[in-house]
Amino acid sequence: MKSRLLFDENVYSIEALKKASYRNIANYSVVIKKEGAQLECLFSFPVKTSDEKVLEYLDDFKREVLDQDLREIIKRETEGVRNLILSHAFSKTGLTGDE
Amino acid sequence: MPFQRQGLQGMSKFQSVEFFKKKKNEYSLLPFRFERLDNQRRVLTNLAGEYLVINEGELKAFVNHALEEQSDAYINLRAKHFLVDEKSEVAKELLEIKLRTKYSNLSEFTALHMFVVTLRCEHSCPYCQVSRQSDDKLKFDMTEEIADKAIDFALRSPARAIKIEFQGGEPLLNFPIIQYVVEEANRRKNDKNVSYVIATNLALIDESILKYCKEKSIQISTSLDGPEDLHNNNRPRPGKNSYEKAISGIKMVREHLGVDSVSALMTTTRSSLNRVKEIIDEYLAQDMEGIFLRPLSPYGFALKTKSFKAYGVEEWNKFYEQGLEYIIELNKKGVAFKEYYAATILAKMFTSQDPGYVDLMSPAGIGISAIIYNYDGVVYPSDESRMLAEMGDKSFRLGNVLTNSYEEIFLNEALLGPIEESFAYSVPMCNECAFEDYCGADPVFHHGVHKDFVARKPESQFCNRNMSIFKYLINRMESDQFVKELFMKWGQPHA
């Protein structure tokens with residue numbers, strides 16, 4: 001069984017779609033294609049998946065994409081301070097390369 | 001007059017009310033990860049592993065710098081180091097200290113040294129991968145020469161305090177080598193703190209062994225799978241009296257060594273799945289302070305033996321949650337009783353100290369937290385990797401104490417490769433998982449089941465089982481203040 005979702009490239013990143021797809025790899029597979037400004041996700045579900053379950057998976061996928069989008073924002077904003085904390089935390093442990 | 005002009009500067013003496021209102025974006029996010037707890041709520045964890053549950057709208061407002069300073073969410077996020085503003089400037093330093101404490105055990109390796117003093121056993125448990133029904137001492141017993149070398153390795157560990165655990169087979173079948181190791185390790189230990197434990201089914205325990213254990217402060221760890229019929233079904237031995245031997249053994253150990261000197265572990269077989277209350281009741285009847293509800297390793301004989309078919313994650317989770325609910329109920333009635341797997345996870349949630357449990361460590365605990373010297377001198381980085389080897393998969397064989405140096409063993413690619421590959425900070429999905437701090441890499445499990453040190457986490461039983469437990473523990477704490485206080489006590493027993 002196959003289904004399709006379209007995402008606006010100006011709103012969502014391919015990275016977010018890929019990560020959302022990976023998280024659900026146990027339930028279905030996704031092929032992502034770029035069509036103009038649209039990102040197309042083509043879903044393939046195992047044969048035994050019910051229509052109801054497919055709808056549930058698609059809704060869940062949309063929520064997961066939004067979560068991944070938020071994660072990207074958090075990562076961008078906190079990357080500097082994260083590296084700073086990690087380098088300070090391990091600076092006296094003998095575990096970093098430059099000691 | 002509240003707004004008096006100040007001459008040339010043209011400024012008011014008092015700033016307007018708007019001036020004192022906090023601008024919404026005057027905070028910075030600190031690094032954190034989040035997972036969905038349900039459709040409305042998200043659980044956030046920071047670099048030090050502290051968690052906070054907020055709703056979806058609050059999370060979006062927080063990330064978009066639109067959270068009101070007066071809101072509960074803001075106050076909680078600041079208190080738990082998810083944001084920094086002018087009132088919380090030390091947050092970064094606190095996170096650094098907590099993070100450093102959490103990983104401090106890495107330089108204090110290896111704490112647990114397991115000596116397989118014999119493979120011989122008088123039990124014939126169908127799920128056991130290693131034991132042999134044999135009287136051939138020459139073939140399956142550890143020799144003094146091998147023990148000597150293994151003691152050298154153990155005492156060479158940077159860890160200031162080490163534990164030597166005697167395993168089997170049934171280790172009491174080779175008690176002379178246990179005595180030899182204890183005497184030699186005590187003689188050579190210098191300023192290292194060495195403690196000892198024997199993992200035994202207690203069938204062979206006697207007065208003379210207990211006298212020696214008392215003299216040398218040796219602790220006992222045994223197996224108790226539940227009520228008599230279940231225990232005996234899981235653990236066949238001549239006389240069909242494994243339960244009776246275990247119970248009388250526990251009593252004897254307590255009489256000689258004290259009440260706290262014996263602990264028990266259980267194995268969950270398929271027959272255990274609908275009997276969790278009875279199993280816990282058995283532990284209570286034996287005056288145990290808690291139970292470690294642990295699943296059967298899903299490889300080796302456990303899979304191959306038809307009578308012990310492995311069970312799925314959902315069945316296990318149901319068993320585990322039923323058990324925990326019963327334990328909560330007991331505590332509500334005033335019966336103090338603990339579940340140790342949950343307590344290990346809760347310690348990671350509520351303290352900066354890593355409990356050092358091999359399965360729940362990243363970098364993986366293999367070799368770092370524990371190491372095992374087999375009867376024949378072969379070294380493996382965990383008990384599970386020894387079991388894999390017994391089934392023919394020697395991927396984790398690190399060498400032999402008779403022919404390899406300490407450096408060759410600990411720098412072996414069979415140890416460093418899996419540790420490096422499986423480090424959760426760089427594993428797909430783990431690297432963004434809010435529960436990464438509570439979880440572990442467990443390359444042995446993933447190799448055993450998925451033939452890959454990492455595996456695809458959405459398909460990993462280990463990941464699914466633990467994710468479910470983390471969410472369950474947090475959900476229970478969020479919904480019941482009694483449970484929150486109980487779990488905090490389990491997580492911080494010394495607080």
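Colleague: What does the domain assignment of chain B give?

Modeller: The domain assignment gives domain 1 (22-102) and domain 2 (104-477) in chain B. This is a predicted model. The centres of domain 1 and domain 2 of chain B, taken over C-alpha atoms, are separated by 37 Å.

Colleague: How many residues does each domain of chain B bring to the contact?

Modeller: Domain 1 of chain B brings 15 residues and domain 2 of chain B brings 15 residues. On the domain 1 side, β2 (32-36), β3 (41-46), β4 (51-55) and α4 (91-102) of chain B each give two or more residues. The largest share of that side, four residues, comes from α4(B). By class, the domain 1 side holds seven nonpolar, three polar and five charged residues.

Colleague: What makes β2 and β4 of chain B edge strands?

Modeller: The open sheet has three strands in the order β2-β3-β4 (chain B), and its pairing is antiparallel. β2 and β4 of chain B each have a single partner strand, so one side of each has no neighbour in the sheet. From one strand to the next, the twist averages 30 degrees.

Colleague: Why do β10 and β15 of chain B count as edges of their sheet?

Modeller: That open sheet has eight strands in the order β10-β9-β8-β7-β6-β13-β14-β15 (chain B), with mixed pairing. β10 (262-265) and β15 (399-400) of chain B each have a single partner strand, so each has one side without a neighbour in the sheet. Within this order, β7 (residues 161-167) and β8 (residues 193-199) of chain B pair in the parallel sense over six bridges. Ile162(B) stands opposite Val194(B) in β8(B).

Colleague: Which residues of α8(B) and α10(B) meet?

Modeller: From α8(B) they are Leu210(B), Cys213(B) and Lys214(B); from α10(B) they are Met252(B), Val253(B), His256(B) and Leu257(B). By class, this contact has five nonpolar, one polar and one charged residues.

Colleague: What makes α14(B) roughly perpendicular to α20(B)?

Modeller: The axes of helix α14 (residues 340-350) and helix α20 (residues 481-491) of chain B cross at roughly 90 degrees and come within 7 Å. The class runs from 65 to 115 degrees, so α14(B) is roughly perpendicular to α20(B). α14(B) contributes Ala342(B), Ala343(B), Leu346(B), Ala347(B), Met349(B) and Phe350(B), while α20(B) contributes Phe487(B), Met488(B), Trp490(B) and Gly491(B). The contact has nine nonpolar, one polar and no charged residues.

Colleague: Why is α15(B) described as roughly parallel to α18(B)?

Modeller: Helix α15 (residues 383-390) and helix α18 (residues 443-450) of chain B have axes that come within 9 Å and cross at roughly 25 degrees. The cut-off for roughly parallel is under 35 degrees, so α15(B) is roughly parallel to α18(B). The crossing of α15(B) with α18(B) is left-handed. Glu384(B), Ser385(B) and Leu388(B) in α15(B) meet Val444(B), Phe445(B) and Gly448(B) in α18(B). By class, the contact has three nonpolar, two polar and one charged residues.

Colleague: How many residues does the contact take from chain A and from chain B?

Modeller: The contact takes 21 residues from chain A and 23 residues from chain B. On the chain A side, α1 (14-23) and α2 (51-89) of chain A each supply at least two residues. The largest share of that side, twelve residues, comes from α2(A).

How values were computed. Residues numbered from 1 in each chain as written. Chains lettered and ligands numbered in written order. Predicted model: local features only at pLDDT ≥ 70, side-chain atom pairs only at ≥ 80, totals over all residues. Contact = placed C-beta atoms within 7 Å. Nonpolar A, V, L, I, M, F, W, Y, C, P; charged D, E, K, R; others polar. Domains from an automatic or database assignment. Pairing = 2+ DSSP bridges. Axes fitted to C-alpha atoms, helices over the stretch in contact; angles between N-to-C directions. Parallel < 35°, antiparallel > 145°, perpendicular 65-115°, else oblique. Left-handed = near helix turned anticlockwise from the far one by under 90°.
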